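Welcome! Take a moment to look over the chain, and then we will walk through a few of its side chains together.

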Amino acid sequence: MRSWWLSQPAIIITQGALREVIRHHASSSEQGLLGFLIGEPCECPNTHRRFLSITGTLRTGHAIAEDDPVQIPDAE
């Protein structure tokens, strides 16, 4: 087995998903905001290398306080 197979998979993110991450980050310059990346694990049929394909995002309105552990509210 090749050593790269045991390493972490690569992450591929579409331009649209990256744009949404940037927009979400820019929407609150004072606080960190919680959000999720949406995608799926994939494998190249030629090399059998694993990678994650990120194709979308999910914004939340939940702000992350510096002194609190990150907890996702039930409503989100």
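## A threonine in a strand

Let's begin with T60, which is found in strand β3, spanning residues 50-64. Please keep in mind that this model is predicted.

Is T60 buried or exposed? T60 has a relative accessible area of 9%, and since buried means under 20%, T60 counts as buried.

## A salt bridge within a helix

How many salt bridges does a search of the whole structure find? The search turns up 2.

One of them joins the side chains of R23 and E20, with an N to O distance of 2.5 Å. Both residues sit in helix α2 (residues 15-26), and because they are 3 residues apart there, about one helical turn separates them. R23 is partly exposed, with a relative accessible area of 45%, and E20 is partly exposed as well, at 26%.

## A salt bridge between distant parts

E20 also meets R59 through their side chains, in a salt bridge of 3.7 Å from N to O. This pair links distant parts of the chain: R59 belongs to strand β3 and E20 to helix α2, with the two 39 residues apart. R59 is partly exposed, and its relative accessible area is 40%.

## Putting it together

Which residues are linked in a network of salt bridges? They are E20, R23 and R59.

Technical notes: Residues are numbered from 1 along each chain as its sequence is written. This is a predicted model: local features need pLDDT of at least 70, side-chain atom pairs count only at pLDDT 80 or more; totals for chains, interfaces and linings use all residues. Side-chain values use heavy atoms; hydrogens and water are left out. Helices (H or I, at least four residues) and strands (E, at least two) are DSSP runs, numbered from the N terminus. Buried means under 20% relative accessible area, exposed over 50%, partly exposed in between (1.4 Å probe, protein chains only). A salt bridge is a side-chain nitrogen of Lys or Arg within 4 Å of a carboxyl oxygen of Asp or Glu.
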